[in-house]
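Welcome! Let's walk through this structure together, one question at a time.

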Amino acid sequence: MHFAPRPARPRPPPARFAADGLGDRIATVGGSVFGDPLPMGADAISLVRILHDHDDDEALAILKAVRAALPAGGTLLVGEPMAETPGARAVTQAYFGLYLFAMGSGRPRTPAENADLLGRAGFSRSRFVRTRMPLVASLIVATV
């Protein structure tokens with residue numbers, strides 16, 4: 001399932017989903033995470049390179065919307081480049097400086113700052129998972 005972060009009309013699933021036998025299991029949904037509820041019924045939701053584009057209040061609103069859509073025991077996967085990531089600190093600082101200047105909003109967050117937002121959004125646990133390419137994304141797994 002794909003949920004657009006800003007108002008949009010739903011697009012049909014890519015032809016490759018049908019070719020892979022997934023056409024009847026995936027739907028696209030247009031809407032705004034800031035004004036429309038997320039579709040219910042998923043066991044897991046992923047946010048990939050989303051939170052760092054938003055200031056804290058908007059990031060918290062996104063996480064609360066995800067939390068509301070997940071059932072008890074549901075999982076959120078957050079794939080983000082994160083500030084202060086061991087092995088990528090200098091590069092991520094340079095990247096965030098330029099990227100967020102161009103975006104005009106958002107901020108780099110450490111894994112601990114992301115975990116704090118997750119807790120404030122109602123997630124009971126979260127854990128940081130190192131990746132082989134932390135500049136591209138590290139992973140936080142959060143559960144309801």
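Q: Which loop holds Arg-49, and is this residue buried, partly exposed or exposed?
A: This is a predicted model, and in it Arg-49 belongs to the loop between β3 and α2. Its relative accessibility is 29%. Buried would mean under 20% and exposed over 50%, so Arg-49 counts as partly exposed.

Q: What is phi of Arg-49 near?
A: Most residues other than glycine have a negative phi. Arg-49 is a residue other than glycine with a positive value, and its phi is near 55°.

Q: How many helices and strands does the protein chain have, and in what order do the elements run?
A: The protein chain has 4 helices and 6 strands. Read from the N terminus on, the elements follow the order β-α-β-β-α-β-α-α-β-β.

Q: What share of the residues in the protein chain is buried?
A: The protein chain has 144 residues. Buried means under 20% relative accessible area. The buried residues make up 36%.

Q: What is the order of the strands in the open sheet, and which are the edge strands?
A: The open sheet has 4 strands with mixed pairing, in the order β3-β4-β6-β5. An edge strand here pairs on one side only, which is the case for β3 and β5. From one strand to the next, the twist averages 15°. The edge strands, then, are β3 and β5.

Q: How many bridges join β3 to β4, and which residue is the bridge partner of Val-48?
A: β3 and β4 run parallel, and 5 bridges join them. Ala-44 stands opposite Thr-75 in β4. For Val-48, the bridge partner in β4 is Gly-79.

Q: What angle does the direction of α2 make with that of β3, and what angle does α4 make with β6?
A: α2 packs on the sheet and touches β3 and β4, its direction making about 160° with that of β3. α4 packs on the sheet too, touching β4, β5 and β6. The direction of α4 makes an angle with that of β6 of about 25°.

Q: Which residues form the covered face of β3?
A: In a regular strand the side chains alternate between the two faces of the sheet. On the uncovered face of β3 are Ala-44, Ser-46 and Val-48. The covered face consists of Ile-45 and Leu-47.

Q: How far does helix α2 reach from its first C-alpha to its last?
A: Helix α2 covers residues 56-69, which makes 14 residues. At 1.5 Å a residue, the expected reach is 20 Å. The reach in the model is close to that, at 20 Å.

Q: Which residues of α2 are buried, and what covers them?
A: The buried residues in α2 are Ala-59, Leu-60, Ile-62, Leu-63, Ala-65, Val-66 and Ala-69. What covers these residues includes β3, β4 and α4.

Q: What is the handedness of the crossing of α2 and α4, and which residues of α4 make the contact?
A: The crossing of α2 and α4 is right-handed. From α2, the contact is made by Asp-56, Ala-59, Leu-60, Leu-63 and Lys-64. From α4, the residues are Leu-117, Leu-118 and Arg-120.

Q: How far apart in space are Leu-60 and Arg-120?
A: Leu-60 is found in helix α2 and counts as buried because its relative accessibility is 11%. Beyond its neighbours up to four places away in sequence, Leu-60 touches Leu-117, Arg-120 and Ala-121. Leu-60 and Arg-120 are 60 residues apart in sequence, yet from C-alpha to C-alpha they are 7.6 Å apart.

Q: Where does Ser-138 lie, and is this residue buried or exposed?
A: Ser-138 lies in strand β6. Residues that Ser-138 touches include Val-78, Gly-79, Phe-128 and Val-129. Its relative accessibility is 2%, so Ser-138 counts as buried.

Key. Residues numbered from 1 in each chain as written. Predicted model: local features only at pLDDT ≥ 70, side-chain atom pairs only at ≥ 80, totals over all residues. Heavy atoms only, no water. Helix = DSSP H or I, 4+ residues; strand = E, 2+ residues; numbered from the N terminus. Expected span 1.5 Å × (residues − 1). Buried < 20%, exposed > 50% of the residue type's maximum accessible area, 1.4 Å probe, protein only. Contact = heavy atoms within 4.5 Å. Pairing = 2+ DSSP bridges. Axes fitted to C-alpha atoms, helices over the stretch in contact; angles between N-to-C directions. Left-handed = near helix turned anticlockwise from the far one by under 90°.
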